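Good morning, everyone, and thank you for making the time.

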Amino acid sequence: MLRKTRIALAAVFFIAITLLFLGISGELTKWFGWLPKIQFLPAVLAVNVGVILLLVVLTLVCGRIYCSVICPMGVYQDIVSWLSGQRKGKKMRFHFTKEIKWLRYGIWALFVIALIAGIQVFVAILAPYSAYGRMIRTAIAPASTGTIIVAAVTFLVVTILAWIGGRTYCNTVCPVGTTLSFFSRFALFRPMIDTEKCKSCHVCEKKCKASCIDIDNKKIDYSRCVDCFNCLDNCKFGAMKYRFAYGKAAAAEPQPAAPKATDAGRRAFMAGAAIAVGSAALKAQTKKLDGGLAAIIDKQAPERTTPLTPFGSESVKDFYRRCTACQLCVSNCPNDVLRPSTSLEHLMQPEMSYEKGYCRPECVKCSEVCPAGAIQPLTPQEKTQFHIGTATVDRSLCVVEKDGVKCGNCARHCPVGAIMMVRLNPDDPNSLRIPAVDETKCIGCGACENLCPSRPYSAIHVNGLQVHIKE
């Protein structure tokens, strides 16, 4: 019963979070938009003390339920491992192995150092939630070469390890799994072995995808146990029980059975467990044509002196310090403004660019879905109070529409009235009219850059501000 309940919860939440990454969730965001916010690393970066404490307490009470239910990468590994187990002669393919301590804790130490030092590229590569998001997003949408390579390598490594060894990635590479292992070894409720009923048949050990059951010595490595409950369902002798691990009964025998505690264990699991695979969607690429069916040249991104980061990020530095590169904001941006950065410094982390759309003042989608606090929640009214960049005009590219007048598209479509058409020579009534930007009004939304007809580079482009200004 416990195993089936866990699978049901994991499937529901895994599907939901996958749909969020695919950007096709619609109303689902209102119901499951909180899922990314309870992922461990985003909660740490957002300094979400409540979520962090909840996950720690959940682990101290129930064990690593987070890894088997909440983490999408963990559930993905379970799916791959299950598929691998359907092969002939592979249903009983696991066996107990000792943890590789030097590798496990070495990776964890490097992760912590990178997190403290702000080396977000290394952090983003190892973070399981973010890695899963990149895998899904890159599979359905164009991305930078660096992001594609990292996502592809992650996919291959995780898939191969899960196919061969079940939860090897979780218990050897994943820094979140290692962090939770410090608490799971003291969990109140755990799978336990009744030494009187156990016949040493090794079935539980052979079905343990975490390879943490040492049936010869009647021991379980709880730092690696992910509470999948496979051992409970496959023991024919009732020797495996999920039960309270302390007290007089626990002290009487090495790992005795306590049938009456089963219901309490089930209640603890149901109360503490919360989460999200998937569905897939392919987006067709259509060729842009003008009224005469002539191909329109695509725009290219200009060289920006300072990168653009979303409304709601306090500064470029703060945004990239907190961002886990999970791609959730990229997936949910309805205007295709956000995309993974190609720079080595911010590889895979999002940046804004306006070749395909602009940041509409009424849209605050990215601030609603960001789980790490890199983009603070905003209302549309608050959004217009922020200045994230300023527009600059390149007169050599500005298109002349007629009678020596520049087209003025940027001025007509600026939502805050920051662009005016002025005479190049104020003293000459016949002087060419050109766009001029009032930097005190410009918020950096990119409407002018996106709607400029100049190709392949816009005659007006936006440079970011290192520190965003709020009125």
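With which residue does Asp78 form a salt bridge? The partner is Arg167, and the closest N and O atoms of the two are 2.9 Å apart; please keep in mind throughout that we are looking at a predicted model. Asp78 belongs to helix H6, residues 72-85, whereas Arg167 sits in the loop between helix H10 (145-165) and helix H11 (168-172), so this pair ties together parts that are 89 residues apart in sequence. Asp78 has a relative accessibility of 12%, which means that it counts as buried, and Arg167, with a relative accessible area of 1%, is buried too. These two residues also take part in a network of salt bridges, in which they are linked with Arg6 and Lys209.

Let me turn to another pair, Arg304 and Glu449, whose closest N and O atoms are 2.9 Å apart in their salt bridge. Here Arg304 lies in the loop between helix H16 (261-272) and helix H17 (316-322), and Glu449 lies in helix H22, residues 447-451, so the pair ties together parts that are 145 residues apart in sequence. Both Arg304 and Glu449 are buried.

My last pair is Arg3 with Asp233, a salt bridge in which the closest N and O atoms are 3.8 Å apart. It links distant parts of the chain, since Arg3 is in helix H1 (residues 2-22) and Asp233 is in helix H14 (residues 230-234), 230 residues apart. Arg3, at 25% relative accessibility, counts as partly exposed, and Asp233, at 36%, counts as partly exposed as well.

In total, the count comes to eleven salt bridges.

Note on methods. Residues numbered from 1 in each chain as written. Predicted model: local features only at pLDDT ≥ 70, side-chain atom pairs only at ≥ 80, totals over all residues. Heavy atoms only, no water. Salt bridge = Lys/Arg side-chain N within 4 Å of Asp/Glu carboxyl O. Helix = DSSP H or I, 4+ residues; strand = E, 2+ residues; numbered from the N terminus. Buried < 20%, exposed > 50% of the residue type's maximum accessible area, 1.4 Å probe, protein only.
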